[in-house]
Amino acid sequence: MFYRVLNNSVLNNSFLFNIFCYNTSPFNDPAKGREINESIKDRYKGMISVNNVSLQFGQRKLFSDVNIVFASGNCYGLIGANGSGKSTFLKILSGEIDSTTGNVTVAPGKRVSVLKQNQFAFDEYTVLTTVIMGHKRLYEIITDKDALYARTPFTEEDGMRASELEAEFAELEGWSAESDAAKLLSDLGIEESFHSAQMKQLEAGMKVRVLLAQALFGNPDVLLLDEPTNHLDVESCMWLEEFLCDFENTAIVVSHDRHFLDKVCTHIADIDFGKIKLYTGNYSFWSEASQLAARQRSQANKKIEEQRAELKEFIMRFANNASKSRQATSRKKILEKLKVEEIEPSSRNYPYINFEQEREAGNDLLFIESLSKSIDGQVMFERLNLVIHKGDKVAFVGQNDLAKTTLFQVLMNESPADGGSFKWGISTSRAYYPRDNAAFFGTELCIMDWLRQYSKNKDQEFIRAFLGRMLFSGEDSLKPVNVLSGGEKARCMFARMMVAQPNVIILDEPTNHLDLESITSLNRGLEKFKGTILFSSQDHQLVQTVANRIIEVTPEGYIDRAGVTFDEYLSNEQVRQQRRDMHAAVR
């Protein structure tokens, strides 16, 4: 009977409780029993169960006694502080590494697909073959068939084996495999001319998209994606969001992209306090709910009834604001049933990122006239004519990240332009966050002395207090800067910019290496800043909430739109037409 299958799957007792708590017992009413069983089968189709899993490296324990059931139809966002073990947990789920204790159970006959991280593993295969290899059994059948039909002589036994393989091939929809793989590639922006090319002929960004197509191929039952939006352009990110919103099986994703987590996730799996706990809702709901719960914990005088009412109002506000996508509708139904006791505060700390101007800039801020630059014969931008006004918060977008980096380097006099000119207003003071900050950390200075060299106020207590707000407290402020992690270096760079008190901030991909808490704090700091910002970022939410002007830079020209949000820019048909016209003019 089906309840035995459930017991073998080590389900939470509440799930079993739900089976037996109907007014009519399935054992007394066979029809009702079949209905309930089919409902439960549908719910847990494609599920993966984690049973008493712990992971420890030496004396360091990442998490312990994890018991989770990832159910079908849901998309789970796996979050946690940097170094908490998110990617490692995905490897445990996929079977790539073993846990210290416990086990992972995948429902019988279900297929787990993983986004591969090694870009060079498939260099000798064609792009189309690489995608099909995502369905391991189907690819085995294809290679077995090819080897079998190549045999001479072809025996009767070979014929029987071939017949078995052909039947399984048809059952796995092998006849449409190439066309399905080709469609995935095209949807992710890989043109048909590359489908027969070898992987080693592709640039890194294209390889990432091929490996993503490989993971998505063949409708896997469980999909594990580690930072799937890395190196994807905006269009590919939007396509992946829609794909996951429509995905009817189980998806578990690790991502630092808050917009992506908000769009696709029905649940958040949070690694915190050495545990992994599931929460209903997307990232924004989890983040705001945990902060609200933390505030309530500190409000000792507030009545319990008032706190429950406040949490309940908060839950319903999120539920009522859900969009009409399948994932959002699913979230809304679950949120409406959520109990306020299930919301808990997080242990995570947020740095305090706040930019202040020492003096306000004048109206004449930046004039760019016919600016052009090429690198190794490749045009980054040409005939760029822009006037940047005081208070502009300009997001520079476009598929070529190097073009945006090069533009910022030119504007900061780190690289000469090939032609044209630019002029900063005499009252401007600028602070720059480069994509590569290695040049700032080639020293053995401790963090405190490193920051002091950029600050007008040299007082030790001022520097120490400033670093404390950036989460460098106590002995942390005495660490040598040349041993810091990427996230720690990023926080140092923000501190450097903050003590400078500029009226113009230039940031090139500032969210790289940041955890979600630092990204959130940076987002708030940039929203509040009264000066002018020029920035590029792959973080959709950062661009959407900070920018009041979008400039798309391409080798064929540029598109400049003021007074629009990023979402409005992406959906603007005039912008699409202008982009098509630019491409057509070059051809």
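Predicted model: local features only at pLDDT ≥ 70, side-chain atom pairs only at ≥ 80, totals over all residues.

Q: Okay, what covers the buried residues of α8?
A: The cover includes helices α5 (127–132), α6 (136–149), α9 (204–216) and α10 (234–246).

Q: Which residues of α8 are buried?
A: Helix α8 runs over residues 177–187, and its buried residues are Ala 177, Ala 181, Ala 182, Leu 184 and Leu 185. They cover an arc of only 160° around the axis, so they sit on the same side of α8.

Q: Why would residues spaced like that point the same way?
A: An α-helix has 3.6 residues a turn, so residues three or four places apart point the same way.

Q: What follows α8?
A: Gly 189 does, and its phi is positive, near 85°.

Q: Switching to α12. How many of its residues are buried?
A: 11 of its 15, so α12 is mostly covered. Among them are Tyr 283, Phe 285, Trp 286 and Leu 292.

Q: What caps the N-terminal end of α12?
A: Asn 282. One of its side-chain oxygens lies 3.4 Å from the backbone nitrogen of Ser 284.

Q: How far apart are the end C-alpha atoms of α12?
A: They are 21 Å apart. At 1.5 Å a residue, its 15 residues should span 21 Å, so the two agree.

Q: New topic. How many disulfides are there?
A: A search of the whole structure finds 0. For Cys 75, the nearest cysteine sulfur belongs to Cys 265, 4.4 Å away. A disulfide needs the sulfurs within 2.5 Å, so Cys 75 is in none.

Q: Is Cys 75 buried or exposed?
A: Buried, with a relative accessible area of 1%. Cys 446 is buried too, at 14%.

Methods:
Residues numbered from 1 in each chain as written. Heavy atoms only, no water. Helix = DSSP H or I, 4+ residues; strand = E, 2+ residues; numbered from the N terminus. Expected span 1.5 Å × (residues − 1). Buried < 20%, exposed > 50% of the residue type's maximum accessible area, 1.4 Å probe, protein only. Polar contact = N/O pair within 3.5 Å; in protein donor to acceptor, adjacent residues only side chain to side chain. Arc of directions from axis to C-beta. Contact = heavy atoms within 4.5 Å.
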